[in-house]
Amino acid sequence: MRSPDHAPSEPPAPRRTRRGIRTRDALVAAARRIFERDGYLDARIVDIAAEAGVATGSFYTHFTSKEDVFTAVLAELQDEMLHAGVSDGTRKDLRRGVEDANRAYLEAYRRNAALMAAMEQAAAVDRRFLQLRLQRSQAFIDRSATAITRLQKAGLADPALDPTVTARALSAMVSRMAYVTFATDQPVPFETLVETLTRLWTNALRMPRE
């Protein structure tokens, strides 16, 4: 039995035949559609199997639970949502680096808003998914903290700021605004959102204007 304090891990596929791989891929694709349609809490294995066009028993050949198939769905999302960190290049590139990082994240979130909302549900009721969510956001926080440290050493950011705490706060601001805007139907014009978050980022660090 898995400890609730550990992020869920995807079980190895028991069948590596072409047919088995196709069935598993169909189940993951179907699961994504069901999670996006119904949310994490209301999604049912029987509906996932029906959406994939297979018997419910076939689901259990590849996955042990709803949690396991949701983990597989999130694994496919990982590369897209782990966007590039903030640039720490020349003075001229500073604002553009922040803007590009924010834009990439917001575009990815907008494309995957329904699934990100399902992940919020899962993280609220299952500590394993909360840990998974925190682990994924930590990669961006670490890159941003490294960039902030270099900017401080170059005299281009407020030296009094703690880089890690600052990176975590700014990351939380961007991710929460993305959730509110795209997952809870409180729309903001996209370019206004990018511009506002970028300005808040650079103002918080006291980065020089071009």
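From the N terminus on, the elements of the protein chain run α-α-α-α-α-α-α-α-α. That is nine helices and zero strands. The model is predicted.

**Stop 1: the whole chain**

Show the whole chain and colour it by pLDDT. The mean over the protein chain is 87. A value of 70 or more is reached by 87% of the residues. Now select residues 45-52. This is helix H2, and its mean pLDDT of 98 is the highest among the elements. Select residues 66-81 next. Here is helix H4, with the lowest mean among the elements, 88. Then go to residues 1-7. Their pLDDT is below 50. Beyond near neighbours in sequence, this stretch has 16 contacts in the model.

The protein chain exposes about 11100 Å². Carbon and sulfur atoms supply 51% of that area. Of the 210 residues, 44% count as buried. Look at the contacts with a separation of 6 or more: 70% of them join residues 24 or more positions apart.

**Stop 2: the nonpolar core**

Hide the surface. Select Phe35, Ile48, Phe70, Leu106, Tyr109 and Phe182. In the largest nonpolar core, which has 53 residues, these six touch the most other members. Which elements give two or more residues to this core? They are helices H1, H2, H4, H5, H6, H7, H8 and H9.

Keep Phe70 and show its surroundings. Leave out residues up to four places away in sequence. Phe70 then touches Phe35, Tyr40, Leu115, Ala118, Met119, Ala122 and Phe129.

**Stop 3: the rings**

The model holds 10 aromatic pairs. Select Tyr40 and Phe129 for one of them. What kind of pair do Tyr40 and Phe129 form? Their ring centres are 5.7 Å apart and their planes meet at 65°, so the pair is edge-to-face; the cut-off for that label is over 60 degrees. This pair links distant parts of the chain. Tyr40 is in helix H1 and Phe129 in helix H7, 89 residues apart.

Are these two buried or exposed? Tyr40 has 3% relative accessibility, so Tyr40 counts as buried. Phe129 is buried too, with a relative accessible area of 0%. Ring pairs link Phe35, Tyr40, Phe70 and Phe129 into a cluster.

Next, show Lys66. Lys66 lies over the face of Tyr40, at 4.6 Å from the ring centre. For another charge over a ring, select Arg110 and Phe190. Arg110 lies over the face of Phe190, and the distance to the ring centre is 4.0 Å.

**Stop 4: a glycine in H1**

Select Gly20, in helix H1. Gly20 is at 1% relative accessibility, so it counts as buried. In sequence, Gly20 and Thr61 are 41 residues apart. In space, their C-alpha atoms are 9.1 Å apart.

**Stop 5: two positive phi angles**

Go to the loop between H8 and H9 and pick Asp185. Its phi is near 60°, a positive value in a residue other than glycine. Asp185 is exposed, with a relative accessible area of 68%.

Finish in the segment after H9, at Arg206. What is the phi of Arg206? The angle is positive, about 55°, although Arg206 is not a glycine. At 64% relative accessibility, Arg206 counts as exposed.

Methods. Residues are numbered from 1 along each chain as its sequence is written. This is a predicted model: local features need pLDDT of at least 70, side-chain atom pairs count only at pLDDT 80 or more; totals for chains, interfaces and linings use all residues. Side-chain values use heavy atoms; hydrogens and water are left out. pLDDT is the predictor's confidence in each residue, from 0 to 100. Helices (H or I, at least four residues) and strands (E, at least two) are DSSP runs, numbered from the N terminus. Contact means heavy atoms within 4.5 Å. A nonpolar core is a set of buried Ala, Val, Leu, Ile, Met, Phe, Trp, Tyr and Cys residues joined through side-chain atoms within 4.5 Å. Buried means under 20% relative accessible area, exposed over 50%, partly exposed in between (1.4 Å probe, protein chains only). Rings of Phe, Tyr and Trp (its six-membered ring) pair if their centres lie within 6.5 Å; planes under 30 degrees apart count as stacked, over 60 as edge-to-face and the rest as tilted. A charge sits over a ring if NZ of Lys or CZ of Arg is within 6 Å of the ring centre and within 35 degrees of the ring normal. Accessible areas come from the Shrake-Rupley method with a 1.4 Å probe; for residues, only the protein chains shown count as cover.
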